[in-house]
Amino acid sequence: MRLFNSLVTSLKRSSLAPWGRGVIALAGVALLSGCEWWRMDGHQSTIAVEGQVAREQLHVFYVTCWVSGVIFVLVGAVLAYAMVKFRARSDADEHAEPPSQSHGNPLVELSLIGASVLSLVIIAVPTLKAIWSTYDVPEAEKGTALEVTAVGYQWWFKFEYPTELATINADAKMPLVTGNELVIPVGRAIRINLRTVDVIHSFWVPKLAGKVDMIPNRANHLWLRADKPGYFWGQCAEYCGDSHAVMRFRVIALEEKEFAEWLEQQTQTARSVVARVGDENRPRAQFAALRTFRQNETGVTAQFDINPLESWRALQVPDARTEDPVLIAKGRELFGSKTCLACHSIRGHGAAGISGPDLTHIGSRSTIAGGLLENNREQMQRWLHNPGVVKPGNKMAKGYRDNNITLTNEEEVALVAYLESLK
Ligand code: CUA
């Protein structure tokens, strides 16, 4: 800060023109605020990549930039040279006849054609190589690759693990389905089938791979591999209606062992918190009434933003001390009576709707509302209270309207308690 103050003071005292001061001030602020933008390591950076496919795509980008940069400098230099050398130096120059016109210089023209072809070849070789290698899982890894199907909905992502069976009840299993958070093992190739149930979406995890469109009646796919454990931001990259900009998802990459534990937990039916006799006399959990949110107010805490992977891990383990079994039982009952189960599945709790995200383990996800809000009690209630404000045009808001669903603050709190208990 002292550095900043002295910079401002010396600028004020300097004899520079205002625009000169402006330029220096901007450069100073850029340097001081520094590293963040300079490293270009935002959540959705395509420059600071962490996976093989994204790295190959970045390589093509750099090759293209360098070739274009060299052409820009050379052409600019020749142009500047011609402008200076052949400018009109006197009145006589300006009124002189133009020099005699010729067809051109064959040697120069042939060299220019040769240079153009050469630069195109320099770009084409790595481009074709990358198109080939990023298209599908390498042959040698096909046996060990994990297959996942991502399905686009307006405006969220469903993830299916077709080779992993999840329990519905004592006699039945189905392929594992989750929503908005794709959990994968580190170092292994992941093949993602891309589907959509409505309009065209596009699957993009900038730090890992992308983007490939999800097109109705067309079986697209992509593959990716994460270098190390991490928490990655994904985004629909094709305009798909009102809430396209907030159609997000996450990819969580874990070491094999942690991934296997997660898989084991996800394939179980939903957790049941049973209220026992006497529970109604226990001290009740305290929930505040819903506060007012500003329009477009961010739904993420600073703590979560700093270390999302740790925040995600913390959500995997239920914390019975903060749970209220009576409230949870009330929420479970409301989930049926308010017809939430017509759209959402909760395996083991008798809910089997398919038009909304599967909620069997919603309490263990780090985000809700298609990756827009952090998954905590406050944000969950914000979402349940008025989904249409959070995500304009979404089907849950329409469901509320069409079925005349209204929720009191108490009902919202009970539903929140129930959903958050589903680890
Ligand atoms: Cu889905 Cu944009």
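Author: A residue counts as buried when its relative accessible area is under 20%. The structure discussed here is a predicted model.

Reader: Why is D136 called buried?

Author: The relative accessibility of D136 is 18%, and the cut-off is under 20%, so D136 counts as buried. This residue lies in the loop between helix 6 and strand 1 (146-153).

Reader: Which residues does D136 touch, not counting residues up to four places away in sequence?

Author: With that exclusion, D136 touches K142, R191, H221 and W223.

Reader: What makes the pair D136 and R191 a polar contact?

Author: The side chains of D136 and R191 are joined at 3.2 Å. A polar contact requires N or O atoms within 3.5 Å, one able to donate a hydrogen and the other to accept it, so the pair qualifies.

Reader: How do you know whether helix 4 is roughly parallel or antiparallel to helix 6?

Author: The axes of helix 4 (residues 52-85) and helix 6 (residues 106-135) come within 10 Å and cross at roughly 170°. Angles over 145 degrees count as roughly antiparallel, and therefore helix 4 is roughly antiparallel to helix 6. The residues of this contact divide into 9 nonpolar, 7 polar and 1 charged. Among those taking part are V53, E56 and H59 in helix 4, and S119, I122 and P126 in helix 6.

Reader: Why are helix 10 and helix 14 described as roughly perpendicular?

Author: The axes of helix 10 (residues 325-337) and helix 14 (residues 409-420) come within 7 Å and cross at roughly 100°. The range for roughly perpendicular is 65 to 115 degrees, so the two helices fall under that description. Helix 10 contributes residues including L327, K330 and F335, while helix 14 contributes residues including E411, V413 and Y418. By class, the contact has 10 nonpolar, 1 polar and 3 charged residues.

Notes:
Residues numbered from 1 in each chain as written. Predicted model: local features only at pLDDT ≥ 70, side-chain atom pairs only at ≥ 80, totals over all residues. Heavy atoms only, no water. Axes fitted to C-alpha atoms, helices over the stretch in contact; angles between N-to-C directions. Helix = DSSP H or I, 4+ residues; strand = E, 2+ residues; numbered from the N terminus. Parallel < 35°, antiparallel > 145°, perpendicular 65-115°, else oblique. Contact = heavy atoms within 4.5 Å. Nonpolar A, V, L, I, M, F, W, Y, C, P; charged D, E, K, R; others polar. Buried < 20%, exposed > 50% of the residue type's maximum accessible area, 1.4 Å probe, protein only.
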